[in-house]
Amino acid sequence: MSVQVLPAALAAKIAAGEVVERPASVVKELCENALDAQATAIAISIEQGGLRRIHVEDDGDGIAADDLSLTVRRYATSKISSVDDLAAIRSLGFRGEALASIAAVSHLDIRSRTAQDLAAQQLSAVGGEHIEIRSTAGPVGTAIDVRHLFFNVPARLAFCKSPQAETQRIIQCVQHLALSQPAVRFTLNVNGREVFATTGSGRMEDVFIAMHGHELAEQLIPLDDPLVQGVLVQPTVHRGNRTGVSLFVNSRWVQQRALVYTVTDVYAELMPDGRYPLAALNLALPVEDVDVNVHPQKSDIRLRDAARVARQLRHVLRSVLAQHVAVQPMRQHFQSMDSWRSPGTQPSADQTRGAVDLFRPPDANGGTSGIGPPDAAPSTPAEFRVLGQIGAMYLIAEGVDGMYLIDQHSAHERVLYEAVLKRLPEAQSQQLLEPQSLTLSPTHVQWLEANVEELQRMGFALESFGAGAWLLRAVPLFLAEKGHDWGQFVKTVIEQKDNPDYRGDPLERLRWVIACHGAVKAGDTLAHEQIVALLGALERCDLARTCPHGRPTMVRLSHAQLAREFGRT
Ligand code: ADP
Ligand code: MG
């Protein structure tokens with residue numbers, strides 16, 4: 001076939017494919033336009049997963065009568081006018097592509113009116129052509145009606161999923177837009193029935209509750225920091241994947257894997273293996289530091305200094321969680337205390353609803369269905385009066401608000417983990433009698449070179465012999481006693497950093513191992529002074545309530561629970 005320039009209508013359909021991937025993309029673009037037009041309320045209705053009809057109506061600024069026909073032209077936008085504007089984009093849209101793309105692949109009606117105009121204007125188009133404009137009645141604002149999406153692109157239609165699946169995507173999309181703009185009232189109707197609505201209160205927590213249900217309200221930790229605002233959830237609530245973490249940068253919903261991992265890594269210390277938190281966080285960054293012109297759908301962005309942002313985010317989250325994570329109240333009759341030990345016995349909570357149900361507070365008649373809401377003011381270990389040890393495994397102490405059982409191994413693990421993390425003198429090193437060798441691939445060598453000093457501070461002394469060969473000369477004191485090929489072990493940990501199923505950071509993994517090997521074991525008998533010292537050290541930890549793997553270090557039997565058990569209430 002000879003080279004030829006494609007007809008305009010075909011070119012438009014190809015270009016539309018980048019922006020309008022599926023019905024949810026249409027909903028996203030239309031809502032973003034409404035938000036850019038300062039809407040305070042946005043009503044969305046869809047039929048048949050959005051394939052038959054998508055209707056989005058807003059009370060924003062509207063489109064001036066003279067501009068209406070331009071809006072469906074490619075690269076027609078009111079939001080930027082020069083290259084310089086690209087360096088500091090404050091609006092959600094700026095590419096001038098969305099309405100043209102949607103018009104090219106649907107039957108489109110736009111009705112709009114500004115406050116200055118007496119009447120509304122209505123534009124109609126079919127496949128981006130046969131454009132007609134007429135006057136009509138209508139309020140200030142814009143209503144856009146998209147029917148028969150992809151009627152002229154059968155290939156794209158074939159790739160759409162079932163109406164139910166497309167509806168789910170639209171719900172998810174609207175919920176994220178609502179989270180990003182809690183001051184705007186959103187309503188979503190699916191086939192004539194309202195499935196989601198927000199009040200426009202301005203509080204992200206309220207949107208979060210509208211998404212996840214009232215059961216979650218007790219578990220929320222609102223976050224208001226200059227860098228990051230939003231809502232965290234107590235680590236007692238978790239699910240089996242990372243989709244519960246929603247991230248926004250300057251109120252734009254973004255898919256930033258690295259930042260999502262930062263959030264889940266902070267929580268990893270607080271929850272069982274393979275479980276992930278719920279959170280919705282907006283990062284407020286200088287617009288100059290964010291490049292949003294990376295992707296036609298604008299969901300991918302680039303940050304000027306992503307590593308620094310991740311570091312700051314980690315720091316904020318750690319300190320907020322340190323303040324707010326409460327001790328697990330002991331479940332009645334001690335029945336489920338061991339459920340933490342084997343993740344396999346945990347009911348699956350992949351569905352958010354499931355996660356919430358799992359942690360429903362005990363019911364009114366004192367039932368035993370789950371964990372209660374976190375305590376407002378749990379004891380700190382400083383307030384403990386040590387009573388002793390049972391089973392050479394648990395420590396017993398009295399706190400102001402009840403009796404505490406402390407898992408000696410988990411507690412000590414937490415203490416050692418933070419000692420390594422904060423480079424306290426406990427983190428000592430011991431020379432190996434025989435250095436151990438390890439050979440790494442070039443990308444792993446790069447990682448090792450960048451981290452060799454941090455490893456040294458943890459107690460691992462590594463020396464390069466060129467061509468990927470390294471010698472391990474010293475290991476942390478706690479590891480030295482165990483005869484083991486630590487060289488091979490370090491190599492495996494570094495290599496696993498690329499495994500997507502695996503928690504990323506090798507440094508973190510090594511800290512865990514040091515803490516675990518150094519900690520007293522179940523079965524070790526402790527003297528009274530040792531227990532007092534351990535609880536004192538635990539008190540100085542940032543996250544004293546869980547071991548580094550997220551299991552609780554302590555559980556509590558409150559005075560109220562004791563009274564109930566003995567029939568005193
Ligand atoms: P962009 O958002 O990138 O500017 P769009 O194709 O999404 O491009 O929209 C084109 C233009 O149409 C916008 O720049 C804006 O001026 C106008 N527009 C679209 N939707 C609305 C709306 N709901 N309210 C007011 N103006 C709108
Ligand atoms: Mg737009």
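Me: In this model, is Y75 buried or exposed?

Reply: The model is predicted, and the value is computed from its atoms. Exposed is the term for a relative accessible area over 50%. Y75 has 57%, so this residue is exposed. Its place is the loop between strand 2 (53-58) and helix 3 (83-86).

Me: Which parts of the chain does the pair of F384 and Y404 tie together?

Reply: F384 belongs to the loop between helix 10 (352-358) and strand 17 (385-390), whereas Y404 belongs to strand 19 (residues 402-407); the pair therefore ties together parts that are 20 residues apart in sequence. F384 counts as buried at 11% relative accessibility, and Y404 counts as buried at 0%.

Me: What are the distance and the angle for W486 and F489?

Reply: The ring centres of W486 and F489 are 5.4 Å apart and the planes stand at 90°, so this pair is edge-to-face. W486 and F489 are 3 residues apart in helix 14 (residues 486-495), which means that about one helical turn separates them. W486 is buried, with a relative accessible area of 3%, and F489 is buried with 17%.

Me: Which residue lies over the face of Y261?

Reply: That residue is R242, which lies 3.9 Å from the ring centre of Y261.

Me: What can be said of V263 and R318 in sequence and in space?

Reply: Separation along the chain and separation in space are read as two values. V263 and R318 are 55 residues apart in sequence, and their C-alpha atoms are 9.4 Å apart in space. V263 is placed in helix 8 (residues 257-268) and counts as buried, at 0% relative accessibility.

Me: Which residues come nearest to ligand 1?

Reply: Of the 19 residues around ligand 1, the nearest are N33, T77, S78, K79 and G96. By class, the shell has 7 nonpolar, 8 polar and 4 charged residues.

Me: Which polar atoms of T77, R95 and G96 lie by the oxygen atoms of ligand 1?

Reply: T77 places a polar side-chain atom 2.6 Å from an oxygen atom of ligand 1. For R95, a polar backbone atom is 3.0 Å from an oxygen atom of the ligand. For G96, a polar backbone atom is 2.7 Å from an oxygen atom of the ligand. Taken alone, ligand 1 exposes 530 Å², and the protein buries 93% of that area. Helix 2 (23-36) and helix 4 (98-104) are the elements that give two or more residues to the shell around ligand 1.

How values were computed
Residues are numbered from 1 along each chain as its sequence is written. Chains are lettered from A and ligands numbered from 1 in the order in which they are written. This is a predicted model: local features need pLDDT of at least 70, side-chain atom pairs count only at pLDDT 80 or more; totals for chains, interfaces and linings use all residues. Side-chain values use heavy atoms; hydrogens and water are left out. Helices (H or I, at least four residues) and strands (E, at least two) are DSSP runs, numbered from the N terminus. Buried means under 20% relative accessible area, exposed over 50%, partly exposed in between (1.4 Å probe, protein chains only). Rings of Phe, Tyr and Trp (its six-membered ring) pair if their centres lie within 6.5 Å; planes under 30 degrees apart count as stacked, over 60 as edge-to-face and the rest as tilted. A charge sits over a ring if NZ of Lys or CZ of Arg is within 6 Å of the ring centre and within 35 degrees of the ring normal. A residue is near a molecule or strand if one of its heavy atoms lies within 4 Å of it. A polar contact is a pair of N or O atoms within 3.5 Å; within protein, one must be able to donate a hydrogen and the other to accept it, and residues adjacent in sequence count only if both atoms are side-chain atoms. Accessible areas come from the Shrake-Rupley method with a 1.4 Å probe; for residues, only the protein chains shown count as cover. Ala, Val, Leu, Ile, Met, Phe, Trp, Tyr, Cys and Pro count as nonpolar, Asp, Glu, Lys and Arg as charged, and the others, Gly among them, as polar.
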